[in-house]
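Here's a walk through a protein model, one piece at a time. Keep the viewer open and follow along.

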Amino acid sequence: METRQQMKDTLQRRIDALKDELHSLSRDIWVRPELGGEETHAHDRLLRFFSQEDPAWTVHRHYKLPTAFRASWGPGGGGGGPVLNVGFLCEYDALPGIGHACGHNLIAEAGAAAAVGLKAAVQEQTELSVKITVLGTPAEENKGGKIDLMEAGAFADLDLVFMAHPFQQDVSFLPCLALDAVTVKYHGKASHAAAYPWEGVNALDAAVLAYNNVSVLRQQMKPQWRLHGIIKHGGVKPNIIPAYTELEFYLRTPLVKDLCDLKAKAEACFRAAAEATGCQVEITYPSHAYHNILPNATLASLYENNGKALGMQFPEQPNDFSGSTDFGNVSFVVPGIHPFFYICTDALNHTEEYTEAAGAEKAQLYTLRTAKTLAMTAVDVVCCPDLLRQVREDFEVANRKQEK
Ligand SMILES: [Zn+2]
Ligand SMILES: [Zn+2]
């Protein structure tokens with residue numbers, strides 16, 4: 001226990017010593033918000049941070065994706081045993097129009113801070129054998145960058161993954177919803193809307209019917225299912241019967257295995273609209289489906305204990321959160337934790353107020369406290385083989401439960 005406490009003290013001192021650099025890191029990302037897949041500035045800025053922190057970091061620019069990166073260190077700790085590779089994830093994409101309204105600049109900061117904190121703690125030890133890997137995972141909001149990275153093998157050598165997401169409270173676990181996005185295209189036939197409307201096949205009518213069919217379906221859905229969408233193209237001019245329309249819907253269910261039921265119901269709505277109007281319909285799922293997050297009770301309880309030691313308060317009944325994340329997919333292949341953290345605001349994610357809060361000085365204390373808590377949780381697991389076994393067992397059990 002003494003070693004663990006010593007390591008936890010060391011990592012806190014290291015993170016505190018770097019607090020100005022860490023603040024400037026997240027601030028630089030915040031002032032230049034970049035959309036998913038275009039985060040070149042954030043990519044370069046994060047790599048600069050690691051190279052300056054210690055030349056011993058091995059950095060891979062553009063790692064498997066143009067704006068992803070990998071920074072790794074070790075194995076350090078002096079031990080000769082099997083190497084444990086501890087991963088920390090940094091997100092850094094922003095939202096169109098409202099900047100860092102999800103606070104991903106703070107995710108980047110927390111991931112970087114936790115990694116350098118753990119490194120300092122491991123460096124003092126002679127019995128451990130720990131490698132630290134930071135993955136820069138782009139495009140969480142729009143493309144599921146972690147899923148592309150996973151398919152390219154970026155997570156294959158990681159034993160554990162840690163990241164944390166800004167929220168309204170400190171919460172060690174929220175399951176999030178599985179998500180898939182569907183694009184629906186209707187092809188009709190143009191005609192003069194006043195002179196020869198009977199010659200046209202109205203693709204806007206199909207879009208409107210599809211939207212209404214889905215609205216009617218919603219009453220019959222399970223309470224936690226979500227189905228919401230927009231009409232992206234609704235025609236070009238009132239005096240032309242629209243020949244082409246396009247809709248985009250998001251489908252969400254608590255468990256990824258239930259997505260196919262919701263998809264079948266939604267597709268029936270879309271096809272019925274095509275049938276009624278005589279349009280042709282194309283239904284595609286252009287991006288990756290996001291999984292729900294698997295719980296890891298051992299990591300969650302360690303995180304809470306460490307967080308409480310630093311003053312975090314965990315509500316008995318956390319606020320409901322029906323969002324989705326590509327970390328869900330990661331949680332099915334590597335044991336990990338994705339807690340949510342308070343940043344000194346009651347504003348809600350994806351609002352302009354949240355953007356402001358994510359760039360504010362007062363978020364710093366909470367972001368660094370979260371980074372320390374992540375690194376302290378990693379210390380518990382790397383120092384204690386029994387805990388590591390439990391974490392792995394929780395992971396297996398949670399995976400098996402999902403299959404049923
Ligand atoms: Zn978001
Ligand atoms: Zn987010």
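Start at Gly-145, which sits in helix H5, residues 145–151. Helices here are DSSP runs of H or I of at least four residues, strands are E runs of at least two, and both are numbered from the N terminus. Bear in mind that this is a predicted model, where local features need pLDDT of at least 70, side-chain atom pairs count only at pLDDT 80 or more, and totals for chains, interfaces and linings use all residues. Residues are numbered from 1 along each chain as its sequence is written, while chains are lettered from A and ligands numbered from 1 in the order in which they are written.

Is Gly-145 buried or exposed? Gly-145 is buried, because 27 other C-beta atoms lie within 10 Å. The cut-offs are 20 or more other C-beta atoms within 10 Å of a residue's own for buried, 12 or fewer for exposed, and partly exposed in between, with C-beta atoms placed from the backbone. Leaving out residues up to four places away in sequence, Gly-145 touches Gly-36, Leu-65, Ala-68, Thr-137, Pro-138, Ala-139, Glu-140 and Asp-326. A contact like that means two C-beta atoms, placed from the backbone, within 7 Å. Leu-118, on the other hand, is 27 residues from Gly-145 in sequence and 25 Å away in space, C-alpha to C-alpha.

Now hop over to strand S3, residues 84–90. Since 6 of its 7 residues are buried, S3 is largely enclosed by the rest of the structure. S3 runs parallel to strand S4 (residues 130–136), and 7 bridges join the two; strands pair if DSSP finds at least two bridges between them. To get from S3 to S4 the chain goes through H4, making a right-handed β-α-β crossover. Right-handed means that, with the strands pointing away from the viewer, the path from the first strand over the helix to the second runs clockwise. S3 also pairs with strand S5 (residues 160–162), again in the parallel sense, over 3 bridges.

H2 (residues 19–31) tells its own story. In H2, Leu-22, Leu-25, Ser-26, Ile-29 and Trp-30 are buried. Down the axis of H2 these fall within an arc of 130 degrees, so they line one face of the helix. Asp-20 and Val-31 are exposed, on the face turned away from the buried side of H2. The cover over the buried residues of H2 includes H3 (40–53), H4 (104–123), H10 (352–359) and H11 (363–383).

Finally, zoom out. The protein chain has 12 helices and 12 strands, and 49% of its 404 residues count as buried.

Methods. Arc of directions from axis to C-beta.
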